[in-house]
Amino acid sequence: MLERDVPQEGNSTLAGHRKAVYALAEDGKLRRVPSRGWEVEEIVTRQAVEDLEQRAESALARARAGETSPLEYHMYRARMDVELLSQTTGLWRWRIRRHFNPAVFARLPLALRRRYAAALGIPVEALDTVD
Amino acid sequence: MPTTFAHAHASHCESGVMSSLLTHHGLPLSEAMAFGLASALSFAYLPFVRINGLPLVSYRMPPRAVIRGLERILSLGMRFETFGSPERGMARLDELLDSGKLVGLQTSVFWLPYFPPDLRFHFNAHNLLVYGKEQEEYLISDPVAETAVRCASADLQRARFAKGALAPKGLLYYVTRPPALPDWPQLGRRALARTVRVMLAPIPLVGVRGMRILAGRVARLPLEDGGTRARMYIGNIVRMQEEIGTGGGGFRFLYASFLQELAGTTGYAALDALAARLVEIGDRWREFALAAARMIRAREALAPSALAERLRALAGDEERFFRDLDRAQRAWAR
């Protein structure tokens, strides 16, 4: 890649930041060149982010319909999955899945709700609703 | 507090951290030299490590390979500390900063507020340097950021003590004995030999064999669901190659820069021609990424077999390249 070919496409995913890439300068030497982004990177990053956002949206709709607990929505909103939430809270995966049941979730003791809230980085009151 | 510390922008966090750390301790070393001397270039396809249901594809050696590699070959004195309690971990950081140390940290990316929101994933092996503290804010040199940044204490604590795969456990590190002036030809030769050994390793999943196995998997991606899963799968490969601070072309340009610099430092000109060849290979990786992205956005028909063909061609190119690098390295050794 030549220095003048380094993409400067202003990726939304970089939010105004520039990343360093290496490219050939006129003298044939490789140099570090700041880049405003390449559409290819934007496409694959948005793809991964949108996948997580879709999971959160689906969980949100199901939580509103009473089919899952707010916990599932907050988990995806924190870009986590059951595996990662399990590692973060130290709870078994099957227990977390059980807490996706709105009836079980409604009876959750404060200690467990605190544990989830801390892992997700939200206040404990926020855990109870999807709004 | 280290008053003379200068932030430098880098493409990759770990080699950027080591470049700044060593430069600060009297051994000016570029990011490319840090990366190359630590033999950090690689390729690995690890189907049993899954992230959001997708296999791990990596273009470099595992996290901490650069730090540990440089520590060993430069006979540096370094101290690594992890902590059971976040409070102790933060107190120790403050203590080290007060004593004037430049401190490296392993953190999660997700909890760092200065990162662009779309790039905040739960990746736990990010590296950054802390060079001071003002009130409740840490002064941070994050190599992938263009300028020095600040981070509130509570956020940094969260990032240092994130859980999950590769959990940092508050890991911090600092230099206790500055590096000796290296014997560049010897270090360079050994570094090349190590990278050749990994790239041509006679084991599957690693090096050029890993590329060929990945090509086989890509060729067989199921398309029954309209290609949704196949698109996620190839998107993940491209993300690991281009988006996760690689300097472009899955670290190939960065490594080429190392070869050029090593040629300049040691006067072994054979490496210059090899650097030029590796740049061409890096360009071909970029073409692979472009083709994949066009298929993801359906600007081009989804054809996993065409991408697999490109991967196989790249494996062939890299196999020839690393054989020639091996020859150059042996000829250099005399």
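Me: What makes up the secondary structure of chain A?

Reply: In this predicted model, chain A has seven helices and two strands. Read from the N terminus, the order of the elements is β-β-α-α-α-α-α-α-α.

Me: Why is chain A called more spread out than a compact globule?

Reply: The globule rule gives 14 Å for 131 residues, whereas the radius of gyration of chain A is 21 Å; this is well over the rule, so the chain is described as more spread out than a compact globule. Along the principal axes, the C-alpha atoms of chain A fill a box of roughly 70 × 30 × 25 Å.

Me: What makes a residue count as buried, and what percentage of chain A is buried?

Reply: The criterion is 20 or more other C-beta atoms within 10 Å of the residue's own. Of the 131 residues in chain A, 34% are buried.

Me: How do you know that chain A touches chain B, and how many residues are in contact?

Reply: Contact requires C-beta atoms within 7 Å. By that criterion, 33 residues of chain A are in contact with 40 residues of chain B. At least two residues of this side of chain A come from each of β1 (19–24), β2 (30–35), α1 (39–64) and α3 (82–89). The largest share, nine residues, is supplied by α1(A).

Me: Which classes of residue form the side of chain A that touches chain B?

Reply: That side has 18 nonpolar, seven polar and eight charged residues.

Technical notes:
Residues are numbered from 1 along each chain as its sequence is written. Chains are lettered from A and ligands numbered from 1 in the order in which they are written. This is a predicted model: local features need pLDDT of at least 70, side-chain atom pairs count only at pLDDT 80 or more; totals for chains, interfaces and linings use all residues. Helices (H or I, at least four residues) and strands (E, at least two) are DSSP runs, numbered from the N terminus. The radius of gyration is taken over C-alpha atoms; the globule rule is 2.2 Å times the number of residues to the power 0.38. A residue is buried if 20 or more other C-beta atoms lie within 10 Å of its own, exposed if 12 or fewer, and partly exposed in between; C-beta atoms are placed from the backbone. Two residues are in contact if their C-beta atoms, placed from the backbone, lie within 7 Å. Ala, Val, Leu, Ile, Met, Phe, Trp, Tyr, Cys and Pro count as nonpolar, Asp, Glu, Lys and Arg as charged, and the others, Gly among them, as polar.
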